[in-house]
Protein chains: 2
Amino acid sequence: MKNNVKIMRLKMSMTQEQLAKRVGVTRQTIGLIEKGEYNPSLQLCVAIAKELNKTLDDLFWEENLI
Amino acid sequence: MKNNVKIMRLKMSMTQEQLAKRVGVTRQTIGLIEKGEYNPSLQLCVAIAKELNKTLDDLFWEENLI
DNA sequence: GTTTTATGTAATTTATATCTTACATATGTA
DNA sequence: TACATATGTAAGATATAAATTACATAAAAC
C-alpha cells in the first residue's frame, strides 16, 4: 500500500514518533505504514490524515500518490 | 465507522453479495461495514470504492457522510 | 402457501495488524 | 570521543478484521 504519509509528515516537520503518539500507535507502526508494508485500518488512516491536515484521498488514493 | 457504502451500493443497484464477491470478501463483512460495526482495512476500503466508482473520501470521509 | 432472494446476526476459527522489547545504524552535537 | 536523536528492523505476544457455518426473517415471485 504505497502512500504519501512520509512526505506529508516531513512537510509538517514531524518525526515518526511524534505522529505515532498523536494517533495512538507505536513508532514502528508508522514506519511500516510509510514503507507500504502494512495494510492499516480505516480508523488509523483517518487519524493520520487529520493529524497531517489531509484527507484520506490526499494520503492513500492512488491517483494522488507523489 | 459510519460511512456511505450502503447508499452508494444501492445507487449502483448492487446487492451486498454482489459487492462482496467483487471485492473478495463475504456478504457478512459487507453487512457489518455498512452498519459501521467493522473497522475495515485500507485495502478493502479502496476495493469497495473502486467497485462503486467512488473515492475513499466519498465513502469514508466524515464531512462527506450523507 | 411454498420457494427464492436479500439481509441480519451469532459462534467459532483463522489471518494479520499492532504492540512490546530489543538491537542496529546513521547523523548531529557537546 | 561520547551522547542524543531519528529511523530500520526482527521475534514473540496480543487484539481484532475477516472467514466460515449456521439459523432467522421479510418480501417478492411463482
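UniProt positions are given here in the numbering of this model, feature names are shortened, and annotations may be inferred rather than shown by experiment. With that said, the UniProt record, an unreviewed entry, places "domain: HTH cro/C1-type" on residues 5–59 of chain A.

What we have is a predicted model, in which local features need pLDDT of at least 70 and side-chain atom pairs count only at pLDDT 80 or more, while totals for chains, interfaces and linings use all residues. Residues are numbered from 1 along each chain as its sequence is written, and chains are lettered from A and ligands numbered from 1 in the order in which they are written.

Confidence comes next. The pLDDT, the predictor's confidence in each residue from 0 to 100, averages 92 over chain A, and 100% of the residues of that chain reach 70 or more. For the model as a whole, ipTM is 0.88 and pTM is 0.91.

Now chain A by itself. Helices (H or I, at least four residues) and strands (E, at least two) are DSSP runs, numbered from the N terminus. By that count chain A has 5 helices and 0 strands, and the order along the sequence is α-α-α-α-α. Within the annotated stretch, residues 5–59, chain A is 69% helix and 0% strand, and the end C-alpha atoms are 6 Å apart. The C-alpha trace of chain A spans about 30 × 20 × 20 Å along its principal axes.

Let me turn to the two protein chains. Contact means that the C-beta atoms of two residues, placed from the backbone, lie within 7 Å. Chain B puts 12 residues into the contact, and chain A puts in 12 residues. On the chain B side, helix 4 (42–51) and helix 5 (56–60) each supply at least two residues. That side of chain B has 7 nonpolar, 4 polar and 1 charged residues. For these classes, Ala, Val, Leu, Ile, Met, Phe, Trp, Tyr, Cys and Pro are nonpolar, Asp, Glu, Lys and Arg are charged, and the others, Gly among them, are polar.

How are the copies related?

Last, the DNA. A residue is near a strand if its C-beta atom, placed from the backbone, lies within 6 Å of it. Around DNA strand C there are 17 residues, the closest being A:V25, A:T29, A:P40, B:T15 and B:Q16. Which helix gives the most to the surface near DNA strand C? Helix 3 of chain B does, with 4 residues. That surface is 4 nonpolar, 10 polar and 3 charged.

DNA strand D also has 17 residues around it, and A:T15, B:V25, B:T29, B:P40 and B:S41 come nearest. Here helix 3 of chain A has the largest share, 4 residues. The surface near DNA strand D divides into 4 nonpolar, 10 polar and 3 charged residues.
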